[in-house]
Amino acid sequence: MPSTTTPFFVPIYDYQNTHRYFAQIADGLEPLGAQELAELGATDIATTFRGLFFHADTPALYRIIYQSRLITRVNAPLISFACHATKYLYKRARAINWSDFMKVHQTFAVFSHVSGSAINNSHYASLCLKDAIVDFFRDKTGTRPNVDAKTPDVWFHLHIRENHATISLELSGGSLHRRGYRQESVDAPMQETVAAAVVRLSQWTGTTPLCDPMCGSGTLLCEAVMHARHMPAGYLRNHFGFEHMPEFSPTIWKRVKSEADSKIIDLPSGLVRGNDRDPRAIHATRTNLNVLGAATQVVLTTRDVRSIPDLSGTTIITNPPYGIRLGKEEELKKFYKDLGDFLKKRCLDSTAYIYCGNRELIKSIGLRTSFKKAIKSGGLDGRLIKIAIYATSPKASKPPTR
């Protein structure tokens, strides 16, 4: 009698044998990302430059991609091999059964990174892998899939380092920093994953007042709102790359998503506040918060930060202008000195977490820092600083010893 059970699964690809994956993350956030992955169920986590290797079972893998606020992409290695020439790269890639991951009518994109190898051009390496995928489908079906570099259905990744190649399926389905709430922006907004790291490092629990006094288009506020509401980072996304895994389980995915979504709570009105001197920024912030259903709960004001009357007893998170919006160096130094005076005089019993894109301006604030953490964002080698202002301890407001 034929068996009615599910056929025995035979692993074909590397990740199916090892259950080991790779997560990309911003430079400087690797230790923080390792903590988050562990909280979401990853095991055997190993940090590397801008990345994290980890093991995960199926529920944990889906949970990580849906809920992680810090990582940007997750790759599942398909094959790894020694590679010294594009002809061999094409040959190995051409042998993959690409119909395991996509249909011929679906679009795809290839992203490559090469270093220290005989193949030294990332663009040419991408073209080689793209040709292998296209030729596979053309030979099998008589037609070819199209490439869409911006919003493909399926993303593949090629990494070649020291003549060793790894071809991966990207499980995130595009960078995870694209939460879906950013409808408007001003200037150069902070990347969402970096903003989430600032909120995490502030150790804000979502039960005490929080304010961004220079909120721009509201990225820090939006990340704080999602954190306070326990809203998964991928809540607004409608597609994930893991849905293209040959063994994808809709049942497990539905359960993981339902468990995460059931923990979402309402945001108390007035708990989170934002301010900016530019009315356009406030409009952008309100628009973005509205996508998260929090536009009426977050209090927004329009004024210069130096004229805010009081932020005592508040967690302050902010990314002040570092040059573009203020201009000359002396004006910037004066602004940062004024910022320090504002914190000292009108933010008693508060703690400020300030991301300084130009770390040379930190000393102009004139207050002691509890920590300085290197975080790169948008090409800036910036620093996140923590300043605690205690009403009962005048020493906390004294400038650092030179």
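This is a predicted model: local features need pLDDT of at least 70, side-chain atom pairs count only at pLDDT 80 or more; totals for chains, interfaces and linings use all residues.
In this note, contact means heavy atoms within 4.5 Å.

Residues are numbered from 1 along each chain as its sequence is written, and side-chain values use heavy atoms, with hydrogens and water left out.

1. Let's start with Thr-193. This residue belongs to helix H6, residues 192-201 (helices are DSSP runs of H or I with at least four residues, strands are runs of E with at least two, and both are numbered from the N terminus). Thr-193 has a relative accessible area of 0% and is therefore buried (under 20% relative accessible area, with a 1.4 Å probe and protein chains only). Apart from neighbours within four places in sequence, Thr-193 is in contact with Leu-29, Arg-69, Leu-70, Ile-71, Thr-72, His-177 and Arg-179.

2. Of the 10 residues in H6, 9 are buried, so the helix is mostly covered. Among the buried residues are Val-194, Ala-195, Val-198 and Leu-201. After H6 comes Gln-203, with a positive phi near 60 degrees.

3. Next, please turn to helices H4 (residues 86-94) and H5 (residues 122-141). Their axes come within 9 Å and cross at roughly 40 degrees (axes are lines fitted to C-alpha atoms over the stretch in contact, and angles run from 0 to 180 degrees between N-to-C directions). On the H4 side, the contact is made by Thr-86, Leu-89, Tyr-90, Ala-93 and Arg-94, and the residues from H5 include Tyr-124, Cys-128, Leu-129 and Phe-136. By class, this contact has 9 nonpolar, 1 polar and 4 charged residues (Ala, Val, Leu, Ile, Met, Phe, Trp, Tyr, Cys and Pro count as nonpolar, Asp, Glu, Lys and Arg as charged, and the others, Gly among them, as polar).

4. Because 4 of its 5 residues are buried, E9 is largely enclosed by the rest of the structure. Strand E8 (residues 210-212) runs parallel to E9 and is joined to it by 3 bridges (strands pair if DSSP finds at least two bridges between them). Here Leu-210 stands opposite Val-272. E9 also pairs with strand E10 (residues 299-302) in the parallel sense, over 4 bridges, and Asn-275 has Thr-301 of E10 as its bridge partner.

How values were computed:
Buried means under 20% relative accessible area, exposed over 50%, partly exposed in between (1.4 Å probe, protein chains only).
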